[in-house]
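This report goes through the structure shown below, topic by topic.

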Amino acid sequence: MAKTVDEIAEAMFKLVKDAFGQKKLKPMDLTKAMIELYGDEVDKKMCKEAIKQLINSGRCVYTYFGGSYIEIPHREGAAND
Amino acid sequence: MSDAALKTPKLDELEKGKWPSFVTEIKMAAKKSPMARDLLGQLEKSYRDKLGYWKHGGIVGVMGYGGGVIGRYSALPEEFPNVSHFHTMRINQPAGWFYTTDSLRKICDIWEKRGSGLTNMHGSTGDIILLGTRTDQLEPIFSELQKIDFDIGGSGSDVRTPSCCCGMARCEWACYDTMAACYDFTMAYQDELHRPAFPYKFKFKFSGCPNDCVASIARADMSIIGTWRDNIQIDKAAVTEYAKSGMDIKADVVDNCPAKCMEWDGKELNIENSYCRRCMHCINVMSKALRPGKDRGATILLGSKAPIIEGAMLSSVLIPFYKMEPPYQELKDIIERIWDIWCEEGKNRERVGEFIQRVGMGNFLDAIELEPVAEMVAHPRENPYVFYEEYYEEGDEEEEKES
């Protein structure tokens, strides 16, 4: 049975949260991980929607460090308060 | 920075000479912008110490967008508190860079109120570059820009803000409507522009003719350059007029043709169009006598980039001729297939041109379901260690011996 966008977003969020501080994940890393995890139950379009949902809700943010990544919101080291 | 008179002997050197100086402009802005004043101070210190004092911010942006804001922080916030945050915003420029003075005033008003007041019109990306603001001002700026119909552009691993030459709006050589195409692609790829999902950046640039005024062949991953596939239009009377007025047609036009496809017998100019390389030289020199053909479209090229991982590359031909007519669906389908394979197999920070070099053009064409054609050959084969045995069918060798 196909996964819902909400379920994919939740699984992606867990991945991002677990990787925080250890590995930066790109959107395609998340998509590939979901396809590996759920197989035919997900497709790239659904993964794209799930990423959109995570970003629009503010649970995740895009970051840039030589390339664009998806991370949980945090205070960056370079920031001047 | 104290209010004492700011001394900038190093920067003053950059005001000398006959060229416009960014230092002069920042000094003008500094009269009313504390941010610009501290910028001068920090810059002077950088020149004196031979050190850059900027830190890169990788997380600042506006809600929902992954591009368009380039984070910068001062490494000396106590000394230069007004530039402790100095983020750049890239704003999507109108196609062809046409503005009304009213819209320019509105952009500047927003930026003077919420940023440093310093702009770069336009950056090398083509965008309107607004230099220097604080993190807490990003959302209000975004909101105010939207009210005057401007949006943030691209940055990071996404589609960068597409840009184009002024095309049919001002140029008689435009072989397709670059501004319409640029606008169409910008709107079609809003998601890809604002939500970075690629291994690295991807740029579109639209040039109306092979003069390539936006240098798309060197600067865009996908260069869309106007061309024609029939014969150059000749006004023979005008050619005669050029000769009468003293132009040396043989030396200035015929001898400079890279394809040597032209002849001038002193009376008549003949062009062997099948050899023409569409370089535009003859048309540029004799603009009253020669024009691009009537069957116009564009050549689609792929792969150029500035040197970062690999050296600089020029785009090479992907589709020799494409009728650039809205909604450009066939082209968009190919673009989607290119993005699919590049996203799937591309390495981090690998541009599409580098990706093609790594996997090989043959494999790439297979993946995007495009048939190879002779025009795709950028230059003759360099590798001598290619053997053709595998291409021989069984029995071919015997047939050769017999014959």
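Predicted model: local features only at pLDDT ≥ 70, side-chain atom pairs only at ≥ 80, totals over all residues.

Arg59(A) sits in the loop between helix H3 (44-56) and strand E1 (61-64) of chain A, and Glu10(A) sits in helix H1 (residues 5-19) of that chain, so the pair ties together parts that are 49 residues apart in sequence. Arg59(A) is partly exposed at 30% relative accessibility, and Glu10(A) is partly exposed as well, with a relative accessible area of 42%.

Over all chains, the structure holds 27 salt bridges. One of them joins Arg160(B) to Asp158(B), at 3.6 Å from N to O. Both partners are buried: Arg160(B) has 8% relative accessibility and Asp158(B) has 0%. Salt bridges with shared partners also link Lys48(A), Glu49(A), Lys52(A), Asp191(B), Glu192(B) and Arg195(B) into one network. Another salt bridge pairs Arg48(B) with Asp49(B), where the closest N and O atoms are 4.0 Å apart. Asp49(B) is partly exposed, its relative accessible area being 31%.

## Overall form of chain B

Chain B contains 15 helices and 14 strands. Its C-alpha trace spans about 90 × 65 × 40 Å along the principal axes. Of the 403 residues in chain B, 48% are buried.

In soluble globular proteins, nonpolar side chains tend to be buried together. Here the largest nonpolar core has 40 residues, and those with the most contacts inside it are Phe204(B), Met222(B), Ile224(B), Leu318(B), Met324(B) and Leu331(B). At least two residues of this core come from each of these elements of chain B: helices H6 (178-188), H12, H13 (352-359) and H14 (361-367), and strands E7 (204-207), E8 (222-228), E13 (296-302) and E14 (316-322). H12(B) supplies the largest share, eight residues.

## Surface patches

Helix H12 of chain B covers residues 329-345 and includes Asp333(B). On the surface, Asp333(B) gathers with Glu330(B), Glu336(B) and Asp340(B) in a patch of negative charge. Asp333(B) counts as partly exposed because its relative accessibility is 35%, between the limits of under 20% for buried and over 50% for exposed.

Tyr47(B) belongs to helix H3 (residues 34-49) of chain B. With 39% relative accessibility, Tyr47(B) counts as partly exposed.

## Two separations in chain B

Where does Gly126(B) lie in chain B? Gly126(B) is in the loop between strand E4 (115-121) and strand E5 (128-133). Gly126(B) has a relative accessible area of 4% and is therefore buried. The C-alpha atoms of Gly126(B) and Ile148(B) are separated by 19 Å, and the two residues are 22 residues apart along the chain.

Val359(B) is part of helix H13 of chain B and counts as partly exposed, at 25% relative accessibility. Val359(B) and Gly346(B) are 13 residues apart in sequence, and their C-alpha atoms are 9.5 Å apart in space.

Technical notes:
Residues numbered from 1 in each chain as written. Chains lettered and ligands numbered in written order. Heavy atoms only, no water. Patch = residues over 30% accessible without salt bridge, like charges linked within 9 Å, V, L, I, M, F, W, Y side chains within 5 Å. Areas by Shrake-Rupley, 256 points an atom, 1.4 Å probe, with all protein chains shown as cover. Salt bridge = Lys/Arg side-chain N within 4 Å of Asp/Glu carboxyl O. Lys, Arg positive; Asp, Glu negative; His and termini not counted. Charge placed at Lys NZ, Arg CZ, Asp CG, Glu CD. Helix = DSSP H or I, 4+ residues; strand = E, 2+ residues; numbered from the N terminus. Buried < 20%, exposed > 50% of the residue type's maximum accessible area, 1.4 Å probe, protein only. Core = buried A, V, L, I, M, F, W, Y, C linked by side-chain atoms within 4.5 Å.
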